[in-house]
Amino acid sequence: MLYLVGLGLGDARDITVKGLQVVQRCSRVYLEAYTSILTVGKETLEDFYGRKLILADRETVEQEADHILKDADVSDVAFLVVGDPFGCTVLEKPFLSFSGQTPGSRKVFLIKSRRIDLVASTLCAYLVSAFGYSSSSRSWENLHAFGLS
């Protein structure tokens, strides 16, 4: 199984109980490391979750998704997303198509973050992006390019 787990926006303790249980039992756990900023480091998450995390940068997600998905049809693999899984639209193509490759044998489960306002806003943003282009800024320093600083 492939689990897409929302971490919330605060610290390591913002993960849901269900999300934490999934993280602790999966054979591999990837941490999406480029679309959002988490207020704590990878080491803090590893200490709280009690396991090692594999960083997944943009290149890994977009060009090496097959490696992440390897054996996810026979073992549990988690992909952690800062915020909410619907906020990371780059996951749509490689991961959600995984569930449709062989009907019935491959499943993707979404574990939402714990904040309903975050879930609602990211779902709306996801739906809007289906109707055209959207843009995102990788870091706070780049916001001036959009007139938002």
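Local features are reported at pLDDT of at least 70 and side-chain atom pairs at pLDDT 80 or more, while totals for chains, interfaces and linings use all residues. Residues are numbered from 1 along each chain as its sequence is written, and side-chain values use heavy atoms, with hydrogens and water left out.

**Confidence**

- The average pLDDT (the predictor's confidence in each residue, from 0 to 100) is 75 for the chain, and 62% of the residues score at least 70.
- Over residues 142-149 pLDDT stays under 50, and the model has eight contacts (heavy atoms within 4.5 Å) for this stretch beyond four places in sequence.
- Where pLDDT is low, predicted coordinates should not be read in detail.

- Helices (H or I, at least four residues) and strands (E, at least two) are DSSP runs numbered from the N terminus.
- S4 pairs (at least two DSSP bridges between two strands) with strand S1, residues 2-6, in the parallel sense over five bridges.
- S4 also pairs with strand S2, residues 28-32, in the parallel sense over four bridges.
- Phe-79 of S4 is the bridge partner of Leu-4, and Tyr-30 stands opposite Phe-79 as well.

**Helix H1**

- In H1, the buried residues are Gly-19, Leu-20, Val-22 and Val-23.
- Seen down the axis of H1, these buried residues fall within an arc of 160° (taken from the directions from the helix axis to the C-beta atoms), so they line one face of the helix.
- Val-17 and Lys-18, on the other side of H1, are exposed (over 50% relative accessible area).
- The buried residues of H1 pack against S1, S2, helix H2 (42-49), S4 and strand S5 (108-111).
- Gly-19 lies in H1, which covers residues 17-25, and counts as buried because its relative accessibility is 0%.
- Not counting residues up to four places away in sequence, Gly-19 touches Val-5 and Ile-111.
- Gly-19 and Ile-111 are 92 residues apart along the chain, yet their C-alpha atoms are separated by 6.3 Å.

**Nonpolar cores**

- A nonpolar core is a set of buried Ala, Val, Leu, Ile, Met, Phe, Trp, Tyr and Cys residues joined through side-chain atoms within 4.5 Å.
- The largest core has 19 residues, and Leu-7, Leu-45, Tyr-49 and Leu-80 have the most contacts inside it.
- S1, H1, S2, H2 and S4 each supply at least two residues of this core, with the largest share, three residues, coming from H1.
- A second, separate core of 12 residues includes Tyr-34, Ala-56, Leu-69 and Phe-79.
- Beyond its neighbours within four places in sequence, Leu-45 is in contact with Leu-7, Ala-12, Leu-31, Leu-38, Val-40 and Leu-53.

**Backbone at Asp-71**

- Asp-71 is not a glycine but has a positive phi of about 70°.
- Most residues other than glycine have a negative phi.
- Asp-71 lies in the loop between helix H4 (65-69) and S4.

Key
Buried means under 20% relative accessible area, exposed over 50%, partly exposed in between (1.4 Å probe, protein chains only).
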